[in-house]
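Here's a quick walk through one model, written for someone who has it open on screen. Have a look first, and then we'll go through it spot by spot.

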Amino acid sequence: QVLLVFAEEDEQSNGFRWACDKAGFRCNIARTPQSALECFLDKHHDIIIIDHRHSRYFDAEALCRSIRTTKASENTVIICVVQRHTDREESSILPLISAGFTRRYIENSSRMACYNELIQLEFGQVQAQFKLRACNSLFTALEKSQEAIEITSEDHVIQYVNPAFETMMGYQIGELIEKELTEVPINEKKADFLDTINSCIKIGKEWQGMYYAKKKNGDSIQQNVKILPVIGQGGKIRHYVSISRLCNDNNKVEKTCECIQAESQTDTQTCRHKDMRKGSLDVRSTTSRGSDGSSQRRRSSMARVHSMTIEAPITKVINIINAAQESSPMPVAEALDRALEILRTTELYSPQLGTKDEDPHTSDLVGGLMTDGLRRLSGNEYILSAKQTHQVVGSLSSPISLNDIPPRITQAMENEEQWDFDIFELEAATHKRPLVYLGLKIFARFGICEFLNCSESTLRSWLQVIEANYHSSNSYHNSTHSADVLHATAYFLSKERVKQTLDPIDEVAALIAATVHDVDHPGRTNSFLCNAGSELAILYNDTAVLESHHAALAFQLTTRDGKCNIFKNMERNEYRTLRQVIIDMVLATEMTKHFEHVNKFVNSINKPLAALEENGNNGDGESIKTVLRSPENRILIKRMLIKCADISNPCRPREQCIEWAGRISEEYFAQTDEERRQGLPVVMPVFDRNTCSIPKSQLSFIDYFIIDMFDAWDAFADLPNLMEHLNNNIKYWKGLDGRNLRVLRPPP
């Protein structure tokens, strides 16, 4: 399949189109970078030909870089059509190579020239890419094989070992890669035995036999080994593949799965498969801890622990209670015992659901949003998914500025400073790209460019890049949600109490964090990603997976290209401070810490402020300032601000609230559908599109997560209009639920 990217039809594009027809290739034509990327992500073309002759239409190199950052482009051949210049010196092709182009085609509209180019590509680069694609299947076979496989170079440098090898020998792959066999004493072979093997494999013959190998812990194991030389470039031996199987005491080879041996693509594939590795486990070391010597060592260690002088605040509290128990009557001592049990748990801030008459909607929401997913698995049921995480794309939108925004969009943003601003009207006016336009206006209102010392064009490019990395296919977690959270954040920043508390750098961080807080969201929860064994879950150790990804990707996208790097002119220390605040706020949107953040906010800010008011110190500015301006409390306020902005949908006007409820429900329905298709644990069974009651799910979410949090935020920031909307929306959902309706709206 071929994708032609030409802004206008001309003889060159017609020549390639004719050539595709003659060669029997399927051909698509795109006129804009946006349509080109969308078409490619849908069709996965083998060849992309991009017109680089006219920069006034679009930036061909930026488009190529954008395509190259997607996973689908890994084996795609991208051609750059450049102008023919006869009057000046030949220019370097290095910038094109750096942008990701495979080769250059100097414009020649001759039909046969275009046809010849395509035929050369088919039998050259395209066929080579087909072979590389097949290598992924071969490496999958190697990864899953129960036989231990080791691949070395012609100089006996280890280039690959599979998980079975790690388990058998007790090594981690990082301890072996790029090491010579002589550096890893894993084989107990005598010199003459080694010479026999080498004399066989060096002439291209395979060797098979039995020998003893030494594990990392020093134990010897008997193996049945086959070593195969692999002929590569120049007809010479380029790799050796060693396949080993354990032997039992009777020298019978244990039953194993058949394995496929790979050709000599090991070099380029090694790094790609490192992240798929699971650490090996030395069973002997974990089961030999019950000896007398071991017990004595553990008693000695515990004595040292108790004598340590390091003491956390919670430890001090526990020690105070323990001391009080000694002189307390029995009822008090028993009550203190119960208090100690609670204090020793790790979930100090998370309320426990009751065991009787438990609401399944609340239970599923808590399970889906506040766990890592693994708690719903049984035994060793850890399933790896073949689904890849979505990759990044670059800046694709047409240039805009505050001065040339279309009238309809300008009208849609007229009341963006008001809470009742309709984000869905802006979504429609911008064709589902509201973030760039709203971002430009809000960032201008807060003077972000002046603070960052960056141009409006840089900010515009940054907003375009960030918005391009939100998935428009998600019903909820798309750029409209990001724009909605940005609007709520800006609204909260305009409240008097918040303005008293935060510095300009905090405001900048909050607006940037709101913009990027869900970038590249796949439309699935953390629990789903952990259960599916996704690459992101493995990368972030099943902990705050999505939030960590959003924060990391936001900075990668920003700093990789000077055209959109809004931080490039900042002083180093100021940038580090800003970066830290942004990361902290994005991570605060993770729901597992929800109650911790809310409780800390109430106890550290709400209650001290209320106490000042009760004691008649409402006018004591210094006392209030002490509460508001302490570094610890400012962190809590910023976390609370973005959390409330992130899940403020129930506090929006009714029609917006209903629309958001429908969108999040559809995203959860789609997740449940996919979990069942893939045989994964269903994290939120109640979100079955055939049986779910949306009113009940909304009421459960509001009751469990929203009411207490917004009561606390309202007490701090004074938000009567939000609380009025919240109460009206609760009444609306209760009305539907009271009529046993499961839908968003009552029937006509």
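Is H517 buried or exposed? H517 counts as buried, at 0% relative accessibility, where buried means under 20% relative accessible area, exposed over 50% and partly exposed in between (1.4 Å probe, protein chains only).

Before going on, a word on the ground rules. This is a predicted model, so local features need pLDDT of at least 70 and side-chain atom pairs count only at pLDDT 80 or more, while totals for chains, interfaces and linings use all residues. Residues are numbered from 1 along each chain as its sequence is written, and side-chain values use heavy atoms, with hydrogens and water left out.

**The annotated residues**

H517 sits in the loop between α21 (504-516) and α22 (526-531); helices (H or I, at least four residues) and strands (E, at least two) are DSSP runs, numbered from the N terminus. Leaving aside neighbours within four places in sequence, H517 is in contact (heavy atoms within 4.5 Å) with Y470, H481, S482, V485, H550, V586, T589 and D646.

In the unreviewed UniProt entry, the "binding site" annotation covers H481, H517, D518 and D646. These residues span 166 residues in sequence, yet no two of their C-alpha atoms are more than 10.0 Å apart, so they gather at one spot. UniProt positions are given in the numbering used here, feature names are shortened, and annotations may be inferred rather than shown by experiment.

The unreviewed UniProt entry also lists H477 for "active site". H477 is found in the loop between α18 (456-468) and α19 (479-493), and is buried, with a relative accessible area of 13%. Apart from neighbours within four places in sequence, H477 is in contact with Y470, H471, D518, H521, I664 and E667.

**Where α25 meets α28**

How do you describe a helix pair? Two packed helices are described by the angle between their axes and the distance between the axes. The axes of α25 (residues 572-587) and α28 (residues 631-646) come within 8 Å and cross at roughly 50 degrees. Axes here are lines fitted to C-alpha atoms, for helices over the stretch in contact, and angles run from 0 to 180 degrees between N-to-C directions. The two helices are therefore oblique to each other; angles under 35 degrees count as roughly parallel, over 145 as roughly antiparallel, 65 to 115 as roughly perpendicular and the rest as oblique.

On the α25 side, V581, D584 and M585 make the contact, and on the α28 side I635, K638, R639 and I642 do.

V581 is in helix α25. Setting aside neighbours within four places in sequence, V581 is in contact with A509 and K638. V581 and A513 are 68 residues apart in sequence and 8.5 Å apart in space, C-alpha to C-alpha.

**Other helix residues**

H597 lies in helix α26 (residues 594-614) and touches A588, R639 and K643, not counting residues up to four places away in sequence.

F16 lies in helix α1 (residues 11-23). The C-alpha atoms of F16 and N108 are separated by 9.9 Å, at 92 residues apart along the chain.

| Residue | Relative accessibility |
|---|---|
| V581 | 14%, buried |
| H597 | 9%, buried |
| F16 | 0%, buried |
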